[in-house]
Amino acid sequence: MVEGDGEQPLVRTGIVAGTFVAGIVVAALGLMAIMPRTASTAPGGTGIGGGAAVSVASFTPPALADIPDGKDGDAIRRGLAIFDDPRNNAGQFVGNAMACKNCHLDSGRKADSSPMWAAWVAYPQYRKKNDAINTMHDRIRGCFLYSMDAGNSPSGGAPPDDSDVYRDLEAYFFWLAKGAPTGVKLKGANYPKPVLPAGGYDPAHGATLYASTCAACHGAEGQGAKQPGGKIVYPPLWGPDSYNWGAGMARIDLAAGFIRANMPQDKPGSLSDAQAWDVAAFIDSHERPRDPRQNGSVAANAAAKHKDEKSYYGKIVGGQLLGSGIPKARR
Amino acid sequence: MAKNVRGRISDAEAQIEQEVEADRPRLIKLGGGLLLFVLGAGAAAIALLAIKPQFTGPDLYVGGPTGDGGGGSGDYVVPTLAQLPKGDEGAAIQRAIDLFNNTNVKAADFVGNGLACKNCHIDSGRKAGAAPMWAAWVKFPVYDSGDKVTTMRDRIKGCFTNSMNAQNSPSGAPPPLDHPLYGDLELYFAWLAKGATAGATMAGQGFPKIDPPALAFDPVRGKAVYAQTCAACHGNGGNGASQPNGTVVYPAIFGAHSYNWDAGMADVALAAAFIKANMPFNAPGTLTTQQAWDVSAYVNSQERPKSPLQKAQTIAQNGKANFTGFPTYYGQTIDGRELGAGSPGAGPLPRSK
């Protein structure tokens, strides 16, 4: 096309432009090589160091089949095993029937299910919950204390700070996040925020929805389902074996976000925003293990730790003061 | 290798550094005939700049800036203080920077000598080639010998144990693992690394690999280099210099207020690499490779606080257990004295309140 003397200026311009574009493309490819799984990046981010929530980068975590061999792979596999089955692989510190993967689906890999690859690059961060800078280590400890109700575990507490439970879980999260940009909010991080209907949420309507949509797996009494050998198939959503009142999932807004994006498991996305709020309200208006931060009365703890949150903690439902907790023996 | 037990650069990291070195020629391949191509790439880079101001080039990981203004010669540009976030996170990062730069004062309970993090990690942990924290952050956790996973928290603890000689600190130990300084420091490191790719190997990580010396390293030759080039700041006795309030001006590099025998910097090869790239402070890069090895040998053939790993063992036993596989003077007899016994009076730098 460009041979001969009769080359038109127009053609040359085309070549110029083409070369220029090629440069752009190659530079972009070079960038992609550096950030292998990141489709786009933008400034700021809501993670490390704060900033406006303007950034969204896409990210796809590696497949579990790609966990490497060797000692790093061994640590990653140990972390994965704890994540999927903490009752058996970190049982000393688990006081209920929950597993990490119950809130972080697909072994912490699923977008919009608080995936661990997005969390890894967002920590450390300040959390209002404990008014402190939280590292991933601190955050994991919080999950044990609340979502896993560690106070009722055989050891009576979360893993001690020098436990390899933290190291192995962090090894797994780091591996999931390899290639993700540090401190940048990733698409699919956390749970989405469904719109609260003008009329608010309605647990009575949620009860109907629960019966038709959730109870088949999670049980009419929220008790979940176990195999005869004790293996938990569906997690309990309230009652003694569920997360306690200090867990994020006991907040209606967070549970609604989780449900909206992820439940029912065989048909995620099929509930509307309003339905997700209603069923979350129904679930979280039941009694569950007490908030381990409670020192005095439920009312005092409600004022100290549950102020300004959408929760039934400290409210009277069906004549019962919620937050009183459920008597239970340590595992 | 037992190297990581005492917080030296891991084998994996050392290998990574070599890989980066090997990659370097490939990065400089653009020929003059490709001017338009380069222009195109430049336009893309400018477009990227508009999206992500921290980055200045398509190869983002060729180094970092020096100096508080940022924007140095490197291509990974770490945030400047002007970009410090507001609120609790900004306050935590500021605390961390203060602690990093003035550790023996700000974390006095856990420091048994007169050193600060910034003495090895220059420019508040920002300088490429001086084990910058932005490059370290994206590499952790790392995997050491055996099954051990070392998180950044573990690694910081190791720095206190050895480089800060926590055994002779007021508390007698590194910060407990639930101490909030870990969160502050980790947030600072992550902020320095903002935008950098998790797991990526960034050029500028660790200390640049140093060539082996042409002649075997020699502390006697090193002593002459030291007298001429180093003593003005670090003192003839290696004791450095500090302000009356304890703030370190020039770190002690041997003797009672320096790093202990388990610190990475007591490894002659590691210190040589640090020195070659970073010393003297006002004219880094001016020492020859041979001089860097020799002066490292001189500095590290002086007595310093004892090895915390020694416990009930003899120096010889501890040397055999923990000081093999890298060049060290631990356990060697110099001028009739067996090195490793520990400097008398090891402990915090005396200071007025």
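The structure is a predicted model, in which local features need pLDDT of at least 70 and side-chain atom pairs count only at pLDDT 80 or more, while totals for chains, interfaces and linings use all residues. Residues are numbered from 1 along each chain as its sequence is written, and chains are lettered from A and ligands numbered from 1 in the order in which they are written.

Chain A contains twelve helices and six strands, and chain B likewise has twelve helices and six strands. Helices (H or I, at least four residues) and strands (E, at least two) are DSSP runs, numbered from the N terminus. Of the 331 residues in chain A, 51% are buried; in chain B, buried residues account for 56% of 353. A residue is termed buried if 20 or more other C-beta atoms lie within 10 Å of its own, exposed if 12 or fewer, and partly exposed in between, with C-beta atoms placed from the backbone. Among contacts between residues at least 6 apart in sequence, 67% in chain A join residues at least 24 apart, and the corresponding value in chain B is 68%. Two residues are in contact if their C-beta atoms, placed from the backbone, lie within 7 Å.

Helix H7(A) is largely enclosed by the rest of the structure, because eleven of its twelve residues are buried. Among these buried residues are A:Met136, A:Ile140, A:Phe144 and A:Tyr146. Within chain A, the buried residues of H7(A) pack against helices H4 (100-103), H6 (116-120) and H8 (164-177) and strand S2 (132-134). They also pack against helix H7 (152-163) and helix H8 (180-192) of chain B. Just after H7(A), A:Asp149 adopts a positive phi of about 50°.

Two loop residues were also examined. A:Pro236 lies between strand S4 (232-234) and helix H10 (252-262) of chain A, and it is buried, with 23 other C-beta atoms within 10 Å. A:Gly224, twelve residues away in sequence, is 4.0 Å from A:Pro236, C-alpha to C-alpha. Beyond neighbours within four places in sequence, the contacts of A:Pro236 include A:Ala97, A:Gly222 and A:Asp241. In chain B, B:Phe110 occupies the loop between helix H4 (103-106) and helix H5 (122-125). B:Phe110 counts as buried, with 23 C-beta neighbours inside 10 Å. Its C-alpha atom is separated by 5.2 Å from that of B:Pro174, 64 residues apart along the chain. With neighbours within four places set aside, B:Phe110 contacts residues including B:Phe160, B:Met164 and B:Pro175.

Helices H10 (residues 268-278) and H11 (residues 289-299) of chain B pack at an angle of about 130°, with their axes 8 Å apart. H10(B) is therefore oblique to H11(B). Angles under 35 degrees count as roughly parallel, over 145 as roughly antiparallel, 65 to 115 as roughly perpendicular and the rest as oblique. Axes are lines fitted to C-alpha atoms, for helices over the stretch in contact, and angles run from 0 to 180 degrees between N-to-C directions. Residues meeting across this pair include B:Ala271 and B:Ile275 in H10(B) and B:Trp293 and B:Val295 in H11(B).
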